Amino acid sequence: MPEREQLLKGALFHDIGKFYQRSRINNRYDSHSCFSAVFAEKMFHDPIIDFIVANHHKKELTKYSKRDVKRILAEIVCEADSLSSAERQSKNTIRTQQPLTPIFTEISFAEHLRNNSQSYFQPLCHLTPEDYKSPNKEYRKDIFNLGYSNKWKEFEDEILTQEEEIDFNTLLQIFKKFLWCIPSSSYKTIPDISLYEHSRLTAAIAVCIYDFLYDKAKDPKEIKNVENRQEARYLLIAADLTGIQSYIYNIGHKGAMRALKGRSFRLQQLMDSVAQSLLSTFSLPDSNLIYSSGGNFYILAPNTEKVKKSLEDLSLSIEKKFLQSFGLDVGIVFAFMELSGENFTTPAGKCSITAKWDSIKKVLEQNKMKKYSHQFEEDFFIPESLSGKIISCSSTGEAICSKDEVLSTEKEVSIGAHRFRECKSKKGKFYQVLSEKDVEDKTYISAEQFDSQLIGYKLKKDSTALIYSEGAQFNLLGIDRFDIFLNNDLKEKLSAQRAFLINNDNFMQILNGKFSKGWKFYGGSWALESSFDELAKKSFGIEYLAILRMDVDNLGEIFKSGFGNNATFSRIVQLSNMLDFFFSSYLNRIQDLYWEPAEGIKEQETAFPLKNLVEIVYAGGDDLFITGVWNIMPDLALWINDNFQNYTGLNSSFTLSAGIELFDAKYPLFKAARRTGEAVERAKGARKSMTGIEQRKNAISFFGDSFSWKDFKVISLLSKKLYKLITTGQDNEKLSRSILNLAQNIYTEYTVQYANPWGSWRWRAAYYLSRFSGRNKVFKKEIELIASKLFTGDNTEQEYSKILNTASKWAEFLTRNKEE
């Protein structure tokens, strides 16, 4: 069907002239449609594509026959364009072309605060960790005009100078690279949707309309009623992983740092491959993969019986593969919902896109409660157990095989300096761990654990590309295969079905070969070389590790009602993908930061580079999981929260909650992960301020107590002040560490007296601190300041004695010798 390919390309390029418009001051063409058509002719030399692009507005088509295929294709693009731009409501206060405004500024739970989108502008930049620039309030037209001009030249050079034809999915990636920060429309309308999102969603909707109507007409010339918006022409398909956390973190300490990252990374590639499998089965391009991150994805497909039947068969097949590979540990659930054109344009109510989006999430949650219900056949309940002496995986405890089932032991293999012997049984491969001293070590790991450790190892070795091909090393349940290539691997021409650079948008220059190419976000593009035991020795003060977990508060409510009556499909998709960029890519900036005990996180180089002390195990969608030395975590949490606030334009509707838990290097990781999850829930729970007002969320839990981010900044500054006084001092004297015990005893008395704000604890605290300052006269001023704040406060939400208690614990751990 050449018409279908022409339709897709015409839909994708229909508004490219808007980019060209912004790059030129004086032009001899009248409209963006003319600019788009001129560029399409240069690009494709196809009169049908040229026609679609030049005539994608309804008024331009009346002079052509209704049975003319090129008119029908243009009508479809016109309708898709209209549905994809439903957010364009007239705003006459905007009289000139404006830059892109962050989608976050459209969110508010108070109607009167919404639509302040002109406060912030998105600078022109690359969507990569090192180049991204946060929104700001400065808009200089001359700078933006020059930026558009330079960006257009780069775009032309990249897309028009290729010797071979560029496939559609690669074109999408080029659009993402250059058009993500350019508004799709800005004159007399709020410019909060990027030209990239608008163009790809127009293509996605257009191909759904075409496939749905072609399925009925069987001939492009017979396609009718393109503008019917009551008909359920679209199918929104969702999939979600279950049991992710219990699977990833259920692992022993040996090789854990490699395997953690490998397991997390492999699961996300598995979900991407499941999505690709569905797209391939439905013959849909990547534009129809609306969102994929955080263990879930959404696809927009045509609502045909063929697609529904294929979805039913494929979902059952994939569920079975998951069950056979993971047992009941990890599962996948699917859901779908029919949509009509009205759902794209209805701003509120049961038929709105937000209501539909919320409904499909509820169906996913319901399906999680009956996971694998279609897989329980009679033989499922027949018990399977190994007999005799069992070989188990030393990392996970999983039974691998009976000793008498071992068929052979094969060649030696290695992961860095770690050596293994490949073994085979009737059930497949597993690996014997070889000790460094060549002593026969009777410990084994499963093939899954070996692959996870190898993936984790490759990810830490300056990995640059993901290659998907039939002969690739890592198997994704038979659905797909992938490998991770390093810098040196990319010098030669590659043999692949598709390939992606990791967090690097120079894919057209680096990836050499005829296949779909692009770039992927990956949160955690570095990894620690150390084991848990080795890492703990690098901690500062007390020898502990820690886990930091954070996620976005009220995310369901944000999508459900945050846009108010301004919700559209494009806005939901734009918000989803921009949130994901922060977690999946922006946070890679962490590896370029440093830490100082008296200052916290710094950009200037110190003796404590974060890339050697912490590691992102997982970051994507709307949450993160970071592990490393304990002393970095509280300061890193503050850095992430501050950057998130700037990223979202200081919109108070977007907040994070966090939990930090410390653990010994020998403590089971899955227990530490669970405890940290409970800490996040504590941070989201109720806490009362000194005025009795109950607050929830937008907080962090540390040392078992929850604080607002504002209070936690006060705690951070106070802990660092105490640290400096104890370790550096002043006037050649150092403050006694006993001040820390005294501070904690004050809080203990406060809690014993049922948190009575004017109990005897307060007077006794003043007395104790007065006596202490008498013995430490050099620090009298600092101690008296603390005493006064116990009475007057420090403009904090929580009682100052609680602030002082947590700060003193923090300073105590920083100043404790490892031998203590």
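**Entry 1: an aromatic pair**

I looked up F104 and Y647 and found both buried. The model I am reading is a predicted one. The rings of F104 and Y647 make a tilted pair, with 5.3 Å between centres and 55° between planes. I placed F104 in the loop between α5 and α6, and Y647 in helix α19 (residues 633-647). The pair therefore ties together parts 543 residues apart in sequence.

I then turned to Y234 and F344. Their ring centres are 5.1 Å apart and their planes stand at 70°, so I logged the pair as edge-to-face. Y234 belongs to strand β1 and F344 to helix α12 (residues 341-345), so this pair joins parts 110 residues apart in sequence. Y234 has a relative accessible area of 1% and is buried. F344 is buried as well, at 1% relative accessibility. How many aromatic pairs does a search of the whole structure find? I got 62.

**Entry 2: salt bridges**

I counted 44 salt bridges. I began with R4 and D211, whose side chains meet at 2.7 Å, N to O. R4 sits in helix α1 and D211 in helix α8 (residues 195-217), so I noted a link between distant parts of the chain, 207 residues apart. Is R4 buried or exposed? R4 is buried, and D211 is buried too.

Next I checked K9 and E5. They form a salt bridge, with the closest N and O atoms 3.7 Å apart. Both are in helix α1, four residues apart, which means about one helical turn separates them. I read K9 as buried because its relative accessibility is 6%, under the 20% cut-off. E5 comes out as partly exposed, at 35%.

Then I looked at K368 and D240. Their side chains meet in a salt bridge of 2.8 Å, N to O. K368 is in helix α13 (residues 353-368) and D240 in strand β1 (residues 234-242). That pair links parts of the chain 128 residues apart. K368 is partly exposed, with a relative accessible area of 26%. D240 is buried, with 11%. I also noted a network: salt bridges with shared partners join E5, K9 and E165.

**Entry 3: helix α4**

Which residues of helix α4 are buried? For this helix, residues 47-54, I listed I49, D50, F51, I52 and V53. I then asked what covers them. The cover includes α1 (2-13), α3 (32-44) and α5 (69-84). At the start of α4 I found a side-chain oxygen of D46 within 2.9 Å of the backbone nitrogen of I48.

**Entry 4: L459**

I located L459 in helix α14 (residues 447-459). L459 is buried, at 2% relative accessibility. Setting aside neighbours within four places in sequence, I found L459 in contact with K261, F265, I484, Y522 and S525. I also checked L459 against P220, which is 239 residues away along the chain. Their C-alpha atoms are 48 Å apart.

**Entry 5: a surface patch**

Which residues form a nonpolar patch on the surface with W763? I found W758 and F791. Together the three have about 360 Å² of accessible area. I placed W763 in helix α23 (residues 760-775).

Note on methods. Residues are numbered from 1 along each chain as its sequence is written. This is a predicted model: local features need pLDDT of at least 70, side-chain atom pairs count only at pLDDT 80 or more; totals for chains, interfaces and linings use all residues. Side-chain values use heavy atoms; hydrogens and water are left out. Buried means under 20% relative accessible area, exposed over 50%, partly exposed in between (1.4 Å probe, protein chains only). Helices (H or I, at least four residues) and strands (E, at least two) are DSSP runs, numbered from the N terminus. Contact means heavy atoms within 4.5 Å. A polar contact is a pair of N or O atoms within 3.5 Å; within protein, one must be able to donate a hydrogen and the other to accept it, and residues adjacent in sequence count only if both atoms are side-chain atoms. Patches are made of residues with over 30% relative accessible area and no salt bridge: like charges are joined within 9 Å, nonpolar side chains (Val, Leu, Ile, Met, Phe, Trp, Tyr) within 5 Å. Accessible areas come from the Shrake-Rupley method with a 1.4 Å probe; for residues, only the protein chains shown count as cover. A salt bridge is a side-chain nitrogen of Lys or Arg within 4 Å of a carboxyl oxygen of Asp or Glu. Rings of Phe, Tyr and Trp (its six-membered ring) pair if their centres lie within 6.5 Å; planes under 30 degrees apart count as stacked, over 60 as edge-to-face and the rest as tilted.
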